[in-house]
Amino acid sequence: MATEPSVTANARLEMDYETKIFPHTGGYGRYNRLVVLFSWFPNFAAMLNLFSDVFYTLMPDSYHCRADPQLLPSAFLPSNFSRQRYLNLTIPWVNGTGLSHCELFKYPPNSSDFSEKVSRERVSCTVGWEYAHVAGLQSNFVTEWNLVCSDYWKIPLQHICFMTGWILGYILLGTLCDWLGRRRCFLLSISLSSLLGVAVCLSSSAAVFLLLRLSQGAMLAGVFVSSYIARLELCDPPHRLMVAMVGGFFAVFAELLLPGIAVLCRNWPVLQAVATLPLLLLLSYWCCVSVFPESPRWLLATAQIPQLKRSLQEFSTRNGVCLRDEIYPGETLLSEIDSACGEDCRPRYFSVLELRRTRVIWKNCLILSHTLFIGTGIQYCFTRNLHSYSSNFYFSYFLRVITGAFACIFICLSVNHFGRRGMLLLSAIITGLSSLLLLALTQYLRGGLVLVLSVIGLLFSQALAMLSVLFACEVMPTFFFCGCLGLVLAAGCVGMAASSLMELQNNGGYFLHHVIFASFAVLSVLCIMLLPESKRKPLPDSLKDGESQRRPALFLSRPDRDNLPLLCARPPLSEYNPDNYSRLVSATRRMLTKDNLPYRIAVPTPPLLSDSETQGQENETLREVVS
């Protein structure tokens, strides 16, 4: 754990990265763009594996017990009846739903009367089930191990376990990403997720499937968080929004491809193998260091100066910039880094526990975790209304994907003009209003209006979630960037798992679920006003930078009004500028180490006479002048 002096010692480097170091290594040049391009592919692979869970746990359109000849009398001959008549005689009929899902008729052994008047006993299914066509797949997790009736609870449990894996991965691997670096954490996560993806294909039971999916979810979270942060740290503020949103479009593209891939694969092990294939291809990043290098910003924040210098030289060379060009008279960028760091400079690592020392950073982290939790959790309420409008699986699936694409477009067109905070506030307001209207007026509204409100709520809830993640990246310092973002993303996964908790109770608490998330959405409107504005601002590199990001005034203050602080302000900082001192030391050191000085220092010559003789001559000259 680093101490306060260590933070101060590194502050001279971190505070100037965006304005001094980054532009002189080529800025957002062609090499940075190439690395950002290769960082989008892991996002596609992670989202392909995330959303494939929808097809694994999808319930068939209809299913019923398979007829058991042992429950029928010996005189019963199936060949004497049509298939429909045979099913009506062996399976109970439930009004409103058709054939019973979980029961069979058991006839007396010597019965010859097959009419409905005969006394028949109802028993649970004994020889399995017959399933209708599953959307996209012929067999999935449900049909493979008959997770219906008394075992139905294992389906939402599987999704909860999968989301628990993502939560643990975001927290643990996010912290590990701050210690090991973006590249090492990415390679570790991609290797283990590939291995676990292959193991899932070979699952022999539902319990093994649950355990492997939990583990793979944790590794996929590491892939997502390391690649997301790596690309944001390699771009400048004007391009940061588009870089993040293109990654969102890659996720939307993965969702659009999944139904077609599922139709082609037919069986869930084949679909799992196809979803694992992009992860296996990403293992090539082990050999190609240049396509996913270590983040120079993280190397600078952790004071790994030798690795930082090599990384800066690599970026500057590939961007067509030479670091030997002088930035300030008499010094270079690399020599300034050496002087600012000092001789006793050892790598120092930080964890998310540093949040305990902050006041503003943890508040921003808490608010954005709250908004992301709402954005992901409330989507279940809107999607359930879509199911009530149309029971077709593809209708609600593609409508959710299309609204996600429009949410990305909405953010791209509006956020750079109106700011992060304003658009986040607008998204929260519309999400809350849509939820409240559906909660209060669903029984009074026509189906078309319910559909419109559900689509609007789904659109802005996804925009709220996407913008919360981007906002969190722009207000967290580099010291524990991944750890803080991991906490925010973990809160979003908790919201996604909340829908499975409702299904685990057979949607018994849906109304309460909707009320809670609608109330939280209204509360988030007040919380968002406490956030700072990060539009076109550099990423904070130190605790001081993060703590200095405070919310702007809600209204323009009058010029004749004193702006007195409500709390005791901190004492003003001294006028000592460490950058000027470091440049002076660096220039002096370079001047003294040069063999050929640009000027010659004159050496004073000793006097030819002693001090007493000189004094005597001055006295004689004075007498002559007086006489």
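Predicted model: local features only at pLDDT ≥ 70, side-chain atom pairs only at ≥ 80, totals over all residues.
Trainee: Which parts of the chain does the pair of Glu255 and Arg400 link?

Mentor: Glu255 sits in helix α10 (residues 237–265) and Arg400 in helix α17; the two are 145 residues apart, so this pair links distant parts of the chain. Both residues are buried.

Trainee: How many salt bridges does a search of the whole structure find?

Mentor: The search finds 10. One of them joins the side chains of Asp53 and Arg213, at 3.3 Å from N to O. Because Asp53 belongs to helix α4 (residues 53–56) and Arg213 to helix α9, this pair ties together parts that are 160 residues apart in sequence. Asp53 and Arg213 are buried as well.

Trainee: Arg357 and Glu354 also meet in a salt bridge. Is each of them buried or partly exposed?

Mentor: Their side chains meet at 3.4 Å, N to O. Arg357 has a relative accessible area of 42% and is partly exposed, whereas Glu354, at 2%, counts as buried. Salt bridges can also share partners: Asp178, Arg182 and Glu233 are joined into one network that way.

Trainee: What is Met47 in contact with, leaving aside its neighbours within four places in sequence?

Mentor: Met47 is in contact with Trp166, Phe224, Ala251 and Ala254.

Trainee: How should I read burial along a helix?

Mentor: Start from the geometry: an α-helix has 3.6 residues a turn, so residues three or four places apart point the same way. In helix α16 (residues 379–389), the buried residues are Gln379, Tyr380, Cys381, Phe382, Thr383, Asn385 and Leu386.

Trainee: Which helices do the buried residues of α16 pack against?

Mentor: They pack against α15 (360–377), α17 (393–418), α18 (420–441), α19 (447–475), α20 (481–504) and α21 (510–528).

Trainee: And the protein as a whole?

Mentor: The protein has 24 helices and six strands, and 52% of its 627 residues count as buried.

How values were computed:
Residues numbered from 1 in each chain as written. Heavy atoms only, no water. Contact = heavy atoms within 4.5 Å. Buried < 20%, exposed > 50% of the residue type's maximum accessible area, 1.4 Å probe, protein only. Helix = DSSP H or I, 4+ residues; strand = E, 2+ residues; numbered from the N terminus. Salt bridge = Lys/Arg side-chain N within 4 Å of Asp/Glu carboxyl O.
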